[in-house]
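Reader: I am new to this structure. Could you show it to me and take my questions one at a time?

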Amino acid sequence: MAENAHNHLWDHKETRLERTFVMPSFQASLDFVAAVGVIAESCNHHPFIAVDYRTVVLYSTTHDQGNVVTDLDHELAQKIDAAFIAMT
């Protein structure tokens with residue numbers, strides 16, 4: 001399984017990687033979700049996304065491997081973390 005410097009920020013639950021991001025405003029949450037969408041499309045790997053005002057919850061699992069965490073999830077998490085860092 002791929003490891004990287006940022007995945008420790010994600011909770012590895014039984015079948016998914018999950019992370020909660022707190023943004024400075026609702027607009028920043030929407031901008032971040034848009035960035036996540038671009039990343040997900042480029043990777044062809046799409047996370048669950050929930051927005052509650054300034055809070056964005058993401059989780060990723062690999063459905064076609066039986067809903068388990070794979071390298072795809074770790075790679076997606078790393079790219080999302082980079083986008084978050086760039087936006088904050």
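Reader: How many aromatic pairs does the count come to?
Author: This is a predicted model, where local features need pLDDT of at least 70, side-chain atom pairs count only at pLDDT 80 or more, and totals for chains, interfaces and linings use all residues. Residues are numbered from 1 along each chain as its sequence is written, and side-chain values use heavy atoms, without hydrogens and water. Rings of Phe, Tyr and Trp (its six-membered ring) pair if their centres lie within 6.5 Å. By this rule the count is 6.

Reader: Are the rings of Phe26 and Tyr53 stacked or edge-to-face?
Author: Planes under 30 degrees apart count as stacked, over 60 as edge-to-face and the rest as tilted. The centres of Phe26 and Tyr53 are 6.5 Å apart and the planes lie at 5°, so the pair is stacked.

Reader: How many residues apart are Phe26 and Tyr53?
Author: Phe26 is in helix 1. Tyr53 is in the loop between strand 3 (48-52) and strand 4. Helices (H or I, at least four residues) and strands (E, at least two) are DSSP runs, numbered from the N terminus. The pair links distant parts of the chain, and the separation is 27 residues.

Reader: Is Tyr53 buried or exposed?
Author: Buried means under 20% relative accessible area, exposed over 50%, partly exposed in between (1.4 Å probe, protein chains only). Phe26, at 39%, is partly exposed. Tyr53 has 54% relative accessibility, so Tyr53 counts as exposed.

Reader: Which residues form one aromatic cluster?
Author: Phe84 is among the buried residues of helix 2. Phe84 also belongs to the cluster. Its members are Trp10, Phe21, Phe32 and Phe84.
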